[in-house]
Amino acid sequence: MVDPILRVKGATKHFGALVACDHVDFDLKPGEIHAVIGPNGAGKSTFIKLVAGEHVPNSGEFQFCGENIGALSAAQRAKAGLARTFQVSSVVNEFNALQNVLLAVQGASGETFSFFKSAMRDDELMGPATKFLMRAGLEDRSSVLASDLSHGERRQLEIAMALAMEPKVFLLDEPMAGIGPGGSKVLTDILDQLRIEAPILLVEHDMQVVFSLADRITVLVEGRNFVTGSAEDVRKNPDVKKAYLGEVVPE
Amino acid sequence: MTTTLIIEQVLNGLQFGVMLFLMASGLTLVFGVMGLINLAHGSLYMVGAFACAAVAAATGSYWLGLAASLVVAAMAGAIVELLIIRKLYSRGHLDQVLATFALILVFSEGTRWLFGSFPLYLNVPEILSGSVELPGGIHYSLFRLLIIVTGALIALFLLALIHKTRLGIQIRAGESDREMISALGVNIDRLYTIVFALGAALAGLAGAMVGSLQSVQVGMGEPVLILAFVVIVIGGIGSIKGALVGAVLVGLVDTLGRFLLPELFAIFMDPASAKAIGSALASMLIYMVMAGVLFFRPTGLFGLNA
Amino acid sequence: MSITKSNAINTLLIAGLLFAALCAHVLSEPFIITMATKIAIFAIAGIGLNLALGYGGLVSFGHAAFFGIGGYVCGILASHARNFEPLTTWPFEFSGTTSMLVIWPIAIFVSSLLALLIGAISLRTTGVYFIMITLAFAQMIFYFAISWPTYGGEDGLPTYVRNSFPGVNTLNPIEYFLICFVLLLITLILCSIIVNSRFGLALQAARQNVRRVTSVGIDVYKVKLVAFVISGGITGLAGALYTDLNRFVSPSVLSWHTSGEIMIFVILGGVAHLFGPLAGAALFIVLEFVLGGFTEYWQMWLGALLLLVVLYAPKGLMGALNASWRSHG
């Protein structure tokens, strides 16, 4: 059996009296897409923020590539190889698409404190940035300001930035949010391609996308592990249907 | 150094703190409710002092002067809010800082134009100018004592206003959710003008009272303004309770620091350098307290997330 | 905005300043030369602040601290050199200097160090708290300067003559202007390079979206701190030049009015415009001169004008110029 690249044990996060994540266990193996789903308020977003290091957990163990990353800041985790996208597209609005990706390439290179060489004329940055922009299907939009990109294009831009990090794991927080049921064909294809690069922790609301992409699925309910299993097992599990109460799980 | 002296300094510190609270409460309300940084708050303090001085001189009545400080400062506040401040709510902090800095220039130079550069002095009425004997045989200025009492009463009034009245509910709702409160049918523009004028009136009253202790002159509002900012930042911006705690803390620390630090250094230094170092440090003390508070609590003692 | 057109405006500005000073020299108007020198110095201070405020979004209301400390470094070094009292005796004896080439690096170093200290604490906060804590630190130093008698306290510290620069008669107004002008050019070039570097890219991104910059593995706190330190150093250099211009330094350079004025140069000129602070400082000082000629209460009119700019031309002079140029061209 392959060792998981990312392993979370007992992740717990309180917000005052509210327990958003209650001893959540999770692991991600090389090459797979492991989706985290659950009804609204199940703690999916909190969970991904705990993994990315944006929230400080009350307790829990976070192992990445065999190392304990619990003490690392969000920036350090990103540099270590955890690349994330955001539920609400979060790009640098006054930068154009290319500059956004450039920033990610620069972040991954770890050489931000260089003061004298023009970044936009730096081939070490421009080459990869152009390449990743193309991979995400945005080569024609490279000089468009991020704020002028369409909703779907901004999603693609986020993925280009995640790719540019050349990560060991992708953390994708609802990449299909706001795209509509089933997601766009372009985006689903891109996600499917991503798994070749690195395994994916996918938090997603769109069940159709989840069941077409995920190898394994973890269902969270009220902040706790409910079920973990293959897509097939979860689809057939009657308790999952009940937990979703009216939310349609496609047959 | 006697106990009597220390108690007197503590009372002075309280009196200073109470004055700061009158300034800080308006500042913190305006920031909490409207999200506005108002550097010109010190100008309203100055306006109150000048109104008091002018009316007291014209009518011969100090009490009318005090009333005028409230009314004129409130009116000045309302006019400024309607003409200028209103346009700044939706702007960034940078624009707010700059515009209200510009307002200070207008107010200060305008006042200098009207009243000249020489300080004016207010005569406190006969009945207030003596001193009273407190339990323990301490003699303390009646007027300063009255300031402490007035300030404490206003603090109680404000806390009750915020937590018990309809206006208070609207103010608190306005802090958390502007859209909700306008959806509830509250006239939000009027609410903002009222809050701003209320803060201005309190600043004006503080100006008149401090003006009676010291003097009334152009620029008198600026040192107080910065201290008031220190107060609300220590207390947590938007919190009346924080402003009260912060004001008393700053008042006491500053007054006692100026009094005690030189004495403290004199224990192991020659008197001249002890006085120099002690008073230099004392003048920095509250800023150190503020930096310390923000280091451990970046949003102040009673602040929510910024 | 087209790059060539904004370049034309920039060139016009910088050439205009040089031309004005040279004309004044030919016409023997030392007062005008001093004004031009003041513009150059304040522009450097503004460029320093602009790096933090305009590009980094760090609204510092305490840059008087760096301007003033730079000024005091210059004053203190010069005064020790003239009264032969050693400034330090350990680890080596140093009795001050009157050489600008030594004073400048020390002024930059000390004000950068101060910026490192102030920034390290202040950058833990954001928004209004940041504005206020930077103000508080500046006040702290202001009150210290007032109550510390060794270097003049409230009365300030005169340096009597300007410090020296090899091969230049610094007391000749036009020659001192040229020194400041060249430093202004160097600062401008340095800043334009920094802004376009990797660091500049990260800084501008951090202003807009902290979360995003963090998520690509960049330590935003460190980026902002470094920007704040560079910003403080540049403003400190301007402070040292200002002391030499006046041959005097007093606590007023540390007052919050100074912080406000440096901020005005930046905003009047246009935030995050490389040449904005130069345009702002020039406009401010010319206005001071013109309005001051009409009325003793010129600050009132300046205030009114500023209000109009904030309310109706929030992009500042450079924004307005570029816009009108574009609409007419």
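This briefing walks through how the chains of this predicted model touch one another. Of the two pairs of chains in contact (heavy atoms within 4.5 Å), chains B and C share the most contacts. Chains A and B do not touch, and their nearest C-alpha atoms sit 13 Å apart.

**How to read the labels**

- Residues count from 1 along each chain as its sequence is written, while chains are lettered from A and ligands numbered from 1 in the order in which they are written.
- Local features need pLDDT of at least 70, side-chain atom pairs count only at pLDDT 80 or more, and totals for chains, interfaces and linings use all residues; side-chain values use heavy atoms, with hydrogens and water left out.

**Where B meets C**

- Here 48 residues of chain B and 44 residues of chain C take part.
- The buried area (accessible area, 1.4 Å probe, that two parts lose on being put together, summed over both) is about 4,300 Å², with carbon and sulfur atoms giving 82%.
- On chain B's side, B:Leu94, B:Leu98 and B:Phe101 supply 15% of the area buried against chain C, more than any other three residues.
- You'll find zero salt bridges between these two chains; that term means a side-chain nitrogen of Lys or Arg within 4 Å of a carboxyl oxygen of Asp or Glu.

**Where C meets A**

- In this pairing, 27 residues of chain C are in contact with 40 residues of chain A.
- About 2,700 Å² gets buried, and carbon and sulfur atoms give 63% of that.
- C:Arg198, C:Leu201 and C:Arg212 lose the most area in chain C, together 32% of what that side buries.
- The rule finds four salt bridges across this interface.
- A:Glu94 pairs up with C:Arg207 in a salt bridge, their closest N and O atoms being 3.0 Å apart.
- Helices (DSSP runs of H or I, at least four residues, numbered from the N terminus) H6 (173-196), H7 (198-208), H8 (210-215) and H9 (220-246) of chain C each supply at least two residues to the side touching chain A.
- H7(C) gives the largest share of that side, eight residues.

**Confidence in chain A**

- Among the elements of chain A, helix H9 (residues 238-244) has the lowest mean pLDDT, 76, whereas strand E8 (residues 200-203; a strand is a DSSP run of E, at least two residues) has the highest, 94.

Conventions:
pLDDT is the predictor's confidence in each residue, from 0 to 100.
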